[in-house]
Amino acid sequence: MAHLVAPTMGTTVSIDVRDPGIGLDVLERAVGVLGELEARFTTWRPDSEIMRIDRGALLLEDAHPDVREVLAACGVLRAESDGAFDAWRGGHLDPSGYVKGWAGERAADVLRDAGATSFSVNIGGDIVCVGEPAPGRPWRVGVRDPGSATRIVLVLGVRDGAVATSGLYERGVHVTDARTGEAPTTWRSVTVLAPDLGTADAIATAALAMGDDGPAWAARRFACRVAAIDGDGRLWTSPDLEAARVA
Amino acid sequence: MRTSTIKSLAAIALTGAGSALVVGFQTPGDAVLASSTTTAGPTTTTTSTTGATAGGTASATSTTTTPTSTSAATVAPSTSTTAVAAATNYADGTYTGKAVQEPWGAFQVQAVVSGGQITEVVLVSSPQDGHSSRINDQAVPILTQAAIAAQSANIDLVSGATWTSESYVTSLQAALDQAQAAAQAGA
């Protein structure tokens, strides 16, 4: 049983392992992996592989396999989202809408490989849940009200799955519809429950960016569970989300 | 150091859905259903200053942490599962985390533990330039909520887009390390 909180990827990761045999060293290894991925994918440092690809100083075929994997996945998501999610925006490469979640899964892999069967990884509010925190109950994931940090709008029970929320309530407007360059207005936050966090993260971002129909479209197109909260705090959920709700 | 003198008093709100107890800083527009807690037990005000930390670009800092260290980024390995269990890990009191130096000034939080639970996290000092104040104003309530919610019996985790401050986490963990050490010393 071990818990580690550390800064990573411009935010904070909290890893909570409930298996008795897993020590802190394993969690530290997982955080170390996140640090390596951050260095490779950051758009904040000109020497990262992403920035070198962006300015044409590195060919995709010469990039690290991780980079090729991420950009291939982003390409698939771009096609499947009809362009609402696009790692190339405004002529620049920025796959961070997918990378953070994907990296969370990589960190989870470190824990799985060490034999952990009951843990969560929370990177800045995007979450991977594995197993049960205690026998017989799921991880209870609260989704906050975008208008108030002190209010939880709904609680999802998650055993094996990922929850990502994309919202407009922090960092100012950082989501734009890749097709129009405009900021969405209807939804203040979109939460997606999906099998893996990279996908959940990208879909949540795309659904938010698409505006009015985004959450319903995402639920249909990707067969994932979606909750969206508007500027007045009203909640919309896809029909099958209710099955995952515990409060 | 009394928390009531701090500029941003924390408030406790009992939420509707899930009946989760969360704590956030009072901001205009947020309903305050009950106000702050009393503090029992010893008060520890230890301050130590670390070297400068890079804001925004920090990579993992905990790879050399050992289970027995007092690294700010580490919640002790014995930290356990539920709020009930966690209650045994912190001794009641007010604990001041270390001041973490940012390029624009120091960032420091204070954690209040009551009944073995974190009940308040108070910003003791924050950098004064406009940009980081804005970030802190936004990040601190979310971080506080996450810290409180994570130990709630009803909620294990909080999902939401977050603008988190590494300095907040560093300072808070230092405070919680003290709370845990105090509990172990008393056990």
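Predicted model: local features only at pLDDT ≥ 70, side-chain atom pairs only at ≥ 80, totals over all residues.
I started with helix 4 of chain A, which passes helix 5 of chain A in a right-handed crossing (the near helix is turned clockwise from the far one by less than a right angle; helices are DSSP runs of H or I, at least four residues, and strands of E, at least two, numbered from the N terminus).

Side-chain values use heavy atoms, without hydrogens and water.

Next I checked the geometry: the axes of helix 4 (residues 96-113) and helix 5 (residues 197-210) of chain A come within 6 Å and cross at roughly 155 degrees (axes are lines fitted to C-alpha atoms over the stretch in contact, with angles from 0 to 180 degrees between N-to-C directions). Helix 4 and helix 5 of chain A are therefore roughly antiparallel (over 145 degrees).

Then I looked up who touches whom (heavy atoms within 4.5 Å). Helix 4 of chain A brings residues including Gly97(A), Gly101(A) and Trp102(A), and helix 5 of chain A brings, among them, Gly198(A), Ala202(A) and Thr205(A).

On to the strands. I found seven bridges joining strand 1 (residues 2-8) of chain A to strand 2 of chain A, running antiparallel (pairing takes at least two DSSP bridges). Ala6(A) sits opposite Val13(A) in strand 2 of chain A. In their hairpin, with two residues between the strands, Met9(A) has a positive phi near 50 degrees.

On its other pairing, strand 2 of chain A has five bridges to strand 5 (residues 119-123) of chain A, also antiparallel, and Ser14(A) faces Asn122(A) there.

Last, burial: seven of the seven residues of strand 2 (residues 11-17) of chain A are buried, so this strand is largely enclosed by the rest of the structure (buried is under 20% relative accessible area, 1.4 Å probe, protein chains only).

Key. Residues numbered from 1 in each chain as written. Chains lettered and ligands numbered in written order. Parallel < 35°, antiparallel > 145°, perpendicular 65-115°, else oblique. Buried < 20%, exposed > 50% of the residue type's maximum accessible area, 1.4 Å probe, protein only.
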